[in-house]
Amino acid sequence: MSSREEILASIRKNTQVRYDKPDIADMKRLSYPDKIEQFCAISRAVGGTAVILGEGEDVNAVIRRTYPDAMRIASVLPDISCATFNPDNLDDPKELDGTDVAVVKGEIGVAENGAIWIPQTVKYKAIYFISEKLVILLDRNKIVNTMYDAYRELDGQEYKFGTFISGPSKTADIEQALVMGAHGARDVLVILM
């Protein structure tokens, strides 16, 4: 018996009380009367911005208006005409360094925490983290109440890589000095389509 198996056998033998796994299917979970409003409020609370694209409004105009000084805008999405380059055409992910804005598509938004599920649909996943600013396009009908609901949506899906992103990257040291953009984008804009 391996040491792992011995440890597990010892735990099983010495466990005094055993509990059945709870049936979470019937558990009451959070439900928001307006998931879009909740998502936008939480996005602001975590330091990001979420806007609802107006009827007939051009997503490219919103991006350009929000980031007028952006010189390098990356996107693989065919409708993003303001992109200055397609990151999938690069030979080396190091060439992504210096990307001002990356425009990507999110699949599922979560009202309770403002997170967005982004499966890898680009050649280099570094684009999600190396750009200074990240624009995430999200179908407003794809916002769910909770992370539980999001994981239920993902159950059974196949993907190479995916990540939940909620607002800009933030970290703080022991002295509580907040640093933005240390591990990802300094600014995140979610455009609800």
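This briefing describes the sheet, the nonpolar cores and the aromatic contacts of one structure.

The model is predicted, so local features need pLDDT of at least 70 and side-chain atom pairs count only at pLDDT 80 or more, whereas totals for chains, interfaces and linings use all residues. Residues are numbered from 1 along each chain as its sequence is written, and side-chain values use heavy atoms, with hydrogens and water left out.

**Sheet and packed helices**

- Five strands form an open, parallel sheet in the order β1-β11-β6-β3-β2, where strands (E, at least two residues) and helices (H or I, at least four) are DSSP runs numbered from the N terminus, and two strands pair if DSSP finds at least two bridges between them.
- The edge strands, each pairing on one side only, are β1 (49–52) and β2 (73–75).
- Strands β3 (residues 101–105) and β6 (residues 133–138) run parallel and are joined by five bridges, with V104 standing opposite I136 in β6.
- Helix α2 (residues 35–45) packs on the sheet, where it touches β1, β6 and β11 (187–192), and its direction makes about 150° with that of β1; contact means heavy atoms within 4.5 Å, and axes are lines fitted to C-alpha atoms, for helices over the stretch in contact, with angles from 0 to 180 degrees between N-to-C directions.

**Nonpolar cores**

- The largest nonpolar core has 26 residues, of which F39, L134, I136 and V190 touch the most other members; such a core is a set of buried Ala, Val, Leu, Ile, Met, Phe, Trp, Tyr and Cys residues joined through side-chain atoms within 4.5 Å.
- At least two residues of this core come from each of α2, β3, β5 (116–119), α4 (127–130), β6 and β11.
- A second, separate core of 15 residues includes I73, I80, V101 and L137.

**Aromatic pairs**

- Five aromatic pairs are found in a search of the whole structure, a pair being rings of Phe, Tyr and Trp (its six-membered ring) with centres within 6.5 Å, called stacked if the planes are under 30 degrees apart, edge-to-face if over 60 and tilted for the rest.
- W117 and Y159 form an edge-to-face pair, 5.0 Å centre to centre with 70° between the planes; W117 lies in strand β5 and Y159 in the loop between α5 (147–154) and β8 (162–165), so the pair ties together parts that are 42 residues apart in sequence.
- W117 counts as buried at 4% relative accessibility, while Y159 counts as partly exposed at 41%, where buried means under 20% relative accessible area, exposed over 50% and partly exposed in between (1.4 Å probe, protein chains only).
- W117, Y151, Y159 and F164 form one aromatic cluster.
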